[in-house]
Amino acid sequence: RALVYDVENKFISKKWLKRFSTPEECEIIKQHFKVFLYKVDLPTRSQMVRHRISWQELSRRYVSAKRVPFEFYVSEKLKENQKVQDLIKQSEDLYFELLENGVKPQEARRVIPQMGYTQIWGAFMPKQLDNYFKLRLDEHAQWEIRQTAIAMQELLR
């Protein structure tokens with residue numbers, strides 16, 4: 001996961017990926033799966049990973065906020081609330097203070113609020129994708145996850 005992030009952001013060369021996936025393996029994945037990269041907040045991620053598909057997530061254990069800065073999802077209802085903005089600032093400050101005091105990133109990340117974004121990759125087989133759309137396009141689905149399903153459908157078109 002960290003390797004894919006590094007390649008996507010040109011921290012390292014694509015030649016490293018050749019050690020992990022042969023052209024034949026890549027072709028099988030292309031033929032049988034639809035793979036999506038998501039940037040979602042942690043509560044939305046929790047809803048998404050309930051689906052039984054192949055998930056991978058950017059690891060904050062190995063990728064600290066020094067390398068990949070934190071970003072936060074603040075809904076329209078919370079944008080004007082100064083306490084929300086203060087919480088974000090305080091949690092980031094505490095995270096970096098903990099790192100400076102020798103706390104490992106996997107422990108320090110616990111102070112980051114649920115509104116923090118994460119990156120996840122989901123690989124869907126056709127029936128899994130149909131089920132995802134059936135459940136997540138429903139009008140009763142959480143607004144944020146419904147938006148991901150709408151965007152996925154647009155990408156597939």
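**Aromatic pairs and a pocket in a predicted model**

Leu99 turns out to be buried, at a relative accessible area of 14% (buried is under 20% relative accessible area, exposed over 50%, and partly exposed in between, with a 1.4 Å probe and protein chains only). Leu99 belongs to helix 4, and its C-alpha atom is separated by 9.6 Å from that of Arg109, 10 residues apart along the chain. The model is a predicted one, in which local features need pLDDT of at least 70 and side-chain atom pairs count only at pLDDT 80 or more, while totals for chains, interfaces and linings use all residues. Residues are numbered from 1 along each chain as its sequence is written, and side-chain values use heavy atoms, with hydrogens and water left out.

As for the overall picture, the chain has 157 residues, of which 34% count as buried. Its secondary structure amounts to 7 helices and 3 strands (DSSP runs numbered from the N terminus, with helices being H or I of at least four residues and strands E of at least two). Read from the N terminus, the order is α-α-β-α-β-α-α-β-α-α. The average pLDDT (the predictor's confidence in each residue, from 0 to 100) is 86 for the chain, and 87% of the residues score at least 70.

Next come the rings. Rings of Phe, Tyr and Trp (its six-membered ring) pair if their centres lie within 6.5 Å; planes under 30 degrees apart are stacked, over 60 edge-to-face, and the rest tilted. On that rule there are 10 aromatic pairs. One of them is the tilted pair of Phe36 and Tyr38, at 6.2 Å centre to centre with 35° between the planes. Both Phe36 and Tyr38 are buried. Trp55 and Phe124 make an edge-to-face pair, because their ring centres are 6.1 Å apart and their planes stand at 75°. Trp55 sits in strand 2 (residues 54-57) and Phe124 in strand 3 (residues 117-124), so this pair ties together parts 69 residues apart in sequence. Trp55 and Phe124 are buried too. Ring pairs join Phe36, Tyr38, Trp55, Phe124, Tyr132 and Phe133 into a cluster.

Gln153 is part of helix 7 (residues 143-156) and is partly exposed, at a relative accessible area of 24%. Met125 is found in the loop between strand 3 and helix 6 (126-136); Met125 is partly exposed as well, with a value of 39%. Met125 and Val35 are 90 residues apart in sequence, yet 9.0 Å apart in space, C-alpha to C-alpha.

The second largest pocket holds about 380 Å³ of space. Its lining takes in 17 residues, with Leu42, Arg45, Glu57, Arg60 and Arg109 nearest the centre. On a 1 Å grid over the protein atoms alone, a pocket is an open set of points with protein on both sides within 12 Å along at least five of seven lines, and lining residues have an atom within 4 Å of a point. Helix 3 (42-48) and strand 3 each give at least two residues to this lining.

Key. 1 Å grid on protein atoms, 1.4 Å probe; cavity = no way out; pocket = protein on both sides within 12 Å on 5 of 7 lines; lining within 4 Å. Points joined across faces, edges and corners; volume = space filled by probe spheres on them.
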